[in-house]
Every structure is written in C-alpha cells, then in structure tokens.
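Please keep the sequence and the structure at hand while reading.

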Amino acid sequence: MTSLINFLWIIFYTNVITFGNGPVMLPLFAQSLVQNMHMISQEQLLYAYSIGRVTPGQVNLYIAAIGYLTHGYKGAFLSTLVLVIPGYLILPMVHIHNKLKEITLVEHLIKGITVVSIGLMIEATVTIGQGVLTSVVPWIVFATVIILAKVVKVNGFLSFVLASALGIILYYLPLLH
C-alpha cells in the first residue's frame with residue numbers, strides 16, 4: 001500500500017499538470033493508481049468516477065472517494081484539500097492570465113493542451129471500454145446511456161439511472177449471457 005503522503009503527491013501533481021480538469025485526470029489516475037501502483041482496481045476507479053459524475057458539486061471530487069477507498073476518512077479529507085487548494089492559490093494569477101491569453105503563442109499553447117486533454121480522455125475511454133465492454137449486456141447499457149443522453153437529451157443523472165436499471169434487468173435475463 002502506498003503511503004498517504006505519496007498518494008496526496010500523486011493527486012497534487014496530477015491536479016496541477018491537468019489544471020484541475022477532472023475528466024483529464026482520470027486516465028492519469030488509471031495509469032498511476034491502477035496500473036503502476038495497484039492501489040485500487042479499475043472497477044474502484046470507475047465506481048469513484050461514477051459517484052463524482054452523479055453527485056452535485058465538482059466533477060473531480062471523485063478523488064475524495066478514491067482517498068476514502070485507499071486511506072479512509074483521513075484520505076478523503078486530505079485528498080479533497082489537496083485537490084481544492086491549488087485552485088485558490090492560482091486566483092491571483094487570473095489577472096496575469098487575462099493579459100497573456102491574447103498572445104498568439106499562449107493561445108496556441110492552450111489549444112494544444114486542450115487537444116492533448118481530449119486525446120487522454122479518448123485513450124482512457126478505450127482502455128476502460130476494453131476492460132468492461134466484454135459481453136452483450138454492457139454494450140446494450142453503453143448504447144442506451146449514449147442514446148438517452150445525446151439523442152433523446154435526457155438529463156445525465158436520469159440517463160445513468162435508467163441505463164443502470166436496464167443493465168440490472170438484462171443481467172438477470174439468461175438469454176443474453
């Protein structure tokens with residue numbers, strides 16, 4: 001088990017290099033906490049992320065759930081602090097950023113970071129998908145949530161609940177296994 005200090009360092013470092021972008025942190029946590037350090041399983045990471053997506057508040061507070069899974073209440077509390085504090089420390093720099101963002105080089109740098117972030121999210125999606133989309137039922141649930149959220153325009157939480165309920169029902173049907 002990795003020490004609490006090492007765990008908090010991973011959160012801090014990942015938070016800083018991704019500018020606090022919760023979905024972009026996911027593939028980095030998958031690599032560091034799941035693949036490299038074996039602190040949590042892929043399922044635990046996805047569970048924590050799902051909790052962060054369906055509960056009110058910042059999307060990247062799923063890190064508190066990971067902190068709880070790895071180090072109990074102390075891990076949840078301290079990981080939340082490590083996640084939130086850099087945002088407050090950077091507030092004085094917003095004025096400087098507003099001046100710099102008009103510089104062409106900085107604008108291109110921001111666009112480049114955005115493209116890299118999208119690439120990391122797609123990589124994480126493919127990796128996670130390869131691990132969980134292994135039979136008919138997960139594919140049906142996957143397609144259902146996408147159709148509900150993007151085509152029918154159902155609220156994200158309701159899409160999650162409806163697709164999950166469908167998955168539970170389909171799981172118990174012997175025809176689809």
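## Overall fold

The model is predicted. Its protein chain holds eight helices and zero strands, and the order along the sequence reads α-α-α-α-α-α-α-α. Taken along the principal axes, the C-alpha atoms fill a box of roughly 60 × 40 × 30 Å.

The protein chain has 177 residues, and 31% of them count as buried. Among contacts between residues at least 6 apart in sequence, 55% join residues at least 24 apart.

## The largest nonpolar core

The largest nonpolar core has 22 residues, and those that touch the most other members are F7, F29, L33, L45, Y62, I63 and I66. Helix 1, helix 2, helix 3 and helix 4 each give two or more residues to this core. Helix 2 has the largest share of this core, with six residues.

## L33 in helix 2

L33 belongs to the set of core residues that touch the most other members, and its place is in helix 2. Is L33 buried or exposed? L33 counts as buried because its relative accessibility is 2%, and the cut-off for buried is under 20%.

Leaving out residues up to four places away in sequence, L33 touches F7, I10, H38, M39, I40 and I66. Two of these partners, F7 and I66, are also listed with L33 among the core residues that touch the most other members. L61 lies 28 residues from L33 along the chain, and the C-alpha atoms of L33 and L61 are separated by 16 Å.

## The largest pocket

The volume of the largest pocket is about 1700 Å³. Its lining consists of 37 residues, and Y49, S50, F142, V145 and F160 lie nearest the centre. By class, this lining has 25 nonpolar, nine polar and three charged residues.

Which helices supply at least two residues each to the lining of the largest pocket? They are helix 2 (22–36), helix 3 (42–54), helix 6 (104–132), helix 7 (136–151) and helix 8 (156–171). Helix 8 gives the most to this lining, namely nine residues.

## The second largest pocket

The second largest pocket has a volume of about 970 Å³. It is lined by 34 residues, and the closest to its centre are V16, T18, F19, G20 and I90. The lining of this pocket has 24 nonpolar, ten polar and no charged residues.

At least two lining residues come from each of helix 1 (4–17), helix 2, helix 4 (62–90), helix 5 (94–100) and helix 6. Which helix gives the largest share of the lining of the second largest pocket? Helix 6 does, with ten residues.

Methods:
Residues numbered from 1 in each chain as written. Predicted model: local features only at pLDDT ≥ 70, side-chain atom pairs only at ≥ 80, totals over all residues. Heavy atoms only, no water. 1 Å grid on protein atoms, 1.4 Å probe; cavity = no way out; pocket = protein on both sides within 12 Å on 5 of 7 lines; lining within 4 Å. Points joined across faces, edges and corners; volume = space filled by probe spheres on them. Helix = DSSP H or I, 4+ residues; strand = E, 2+ residues; numbered from the N terminus. Nonpolar A, V, L, I, M, F, W, Y, C, P; charged D, E, K, R; others polar. Buried < 20%, exposed > 50% of the residue type's maximum accessible area, 1.4 Å probe, protein only. Contact = heavy atoms within 4.5 Å. Core = buried A, V, L, I, M, F, W, Y, C linked by side-chain atoms within 4.5 Å.
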